[in-house]
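Dear colleague,

I am passing on the structure we spoke about, so that you have it to hand before you set anything up.

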Amino acid sequence: MKKIVLTGGGTAGHVTPNIALLPALQAAGYEIAYVGSYEGIEKKLIADFNIPYTGISTGKFRRYLDPKNFSDPFRVMKGFVEARNYLKNYQPDVVFSKGGFVSVPVVRAAASLHIPCIIHESDMTPGLANKLSAPFAKVECCTFPEAIQFTHGKGVYTGTPIRPEILSGDRERGCERFGLTDCMPIVMVVGGSSGARAINQAVVAALPEITENFQVLHLCGKGNLSAALEGMPRYVQCEYLNEEMADAYACADILISRAGANALCEILALKKPSLLIPYPKEASRGDQILNAESF
C-alpha cells in the first residue's frame, strides 16, 4: 500500500484542505498519517478522522523582534530530528505539506531522506513557511494562477481542495440547529478559526442596528464568546464550527469574512454573496488584499 504523510498546522486554514483530500487519498489506496505540532489546532481537527497523528516540536519564524526568536530555532531543530526519525521509520512514498510553521521541519526532514515533497500555497504570494520549504519541494500547488510566477518553475495551478460536505448543508436544519428563523435574512460572520478581533468588535457594536433587519450567526473564534450577549434576540455566537459548518453556510443569506483563500474558495463554491474584509497590511503581509482583489 502506498503511504502519504500530510503536514500543516497553526490555524485551521493549514489543516482543512488536508482534511478535504482524505476521501480521495483513501479512494486511491493510500495509507495516511499526519505530522503536526504537539498540541496545535491540527491535532484536534485530525482526531475526528481516525488518522494516525504524530506531534513534533515547532517554533515560529518571526519578522519582528521577540525574545522567543532566540529559543524557537532550537525547537525547530528538535522538530527536524523528531520528524526525520518518524519519517525514516514510517517510510512514506510522499509528503504533502499545507504550510504553517510546523511543516518546515517535516519537509526538510523528508528531503534529507530523499522522500518527494509536494507543498500547497493558498495565497497569492507565498507565506514564510512555504518560502523556507519551497527549495526542498518537487511541486508547488497554487490556489491562484497568478501565484505560479513565484514558484521558480515548480508551480501547478490546482485551486484549493474544499470539503465536499460543505456543499450538502440544509437551510431548514441549519435554522433549527442555531435557533434562527426562515422569515428574516441571516448574516453569517466568519472571523477565521482564531477570530478576527476588529470584525468581532465592529459586529458587536453594530448589533442593535443590524438585528433590526437581520439575524446574525457569528463565528467569533476560540475564547471570544461573550457571556453578556448570550440570549440576545436574533444573534447567535459560536467559537468554531466543524460538522455544523455545512448547515451554517446553507442557512446564511450573506457572508461577512476575512479574505483567507480557503474561506474564499468555499464562498465561491457555495455561490454566496459576500462582504470581504481582508487583513490590512499593518496586520499581515498584505496577502488577503491580493486574494480579495483576485476574487
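Of the contacts in the protein between residues at least 6 apart in sequence, 57% join residues at least 24 apart. Please keep in mind throughout that this is a predicted model.

The C-alpha trace spans about 60 × 45 × 35 Å along its principal axes. Buried residues account for 47% of the 295 residues, while the accessible surface amounts to about 14500 Å², with 58% of this area belonging to carbon and sulfur atoms.

Turning to the secondary structure, the protein has 10 helices and 12 strands. Seven strands make up an open sheet with parallel pairing, in the order S3-S2-S1-S4-S5-S6-S7, and its edges are strand S3 (53–56) and strand S7 (155–157), each of which pairs on one side only. Neighbouring strands of this sheet are turned against each other by 25° on average, direction ignored.

Within the sheet, strand S5 (residues 117–121) pairs with strand S6 (residues 139–142) in the parallel sense over four bridges, and Ile-118 has Val-139 in S6 as its bridge partner. Helix H1 (residues 16–27) packs on the sheet, where it touches strand S1 (2–7), strand S2 (30–37) and strand S4 (94–97), and the direction of H1 makes about 160° with that of S2.

Key: Residues are numbered from 1 along each chain as its sequence is written. This is a predicted model: local features need pLDDT of at least 70, side-chain atom pairs count only at pLDDT 80 or more; totals for chains, interfaces and linings use all residues. Side-chain values use heavy atoms; hydrogens and water are left out. Two strands pair if DSSP finds at least two bridges between them. Helices (H or I, at least four residues) and strands (E, at least two) are DSSP runs, numbered from the N terminus. Axes are lines fitted to C-alpha atoms, for helices over the stretch in contact, and angles run from 0 to 180 degrees between N-to-C directions. Contact means heavy atoms within 4.5 Å. Buried means under 20% relative accessible area, exposed over 50%, partly exposed in between (1.4 Å probe, protein chains only). Accessible areas come from the Shrake-Rupley method with a 1.4 Å probe; for residues, only the protein chains shown count as cover.
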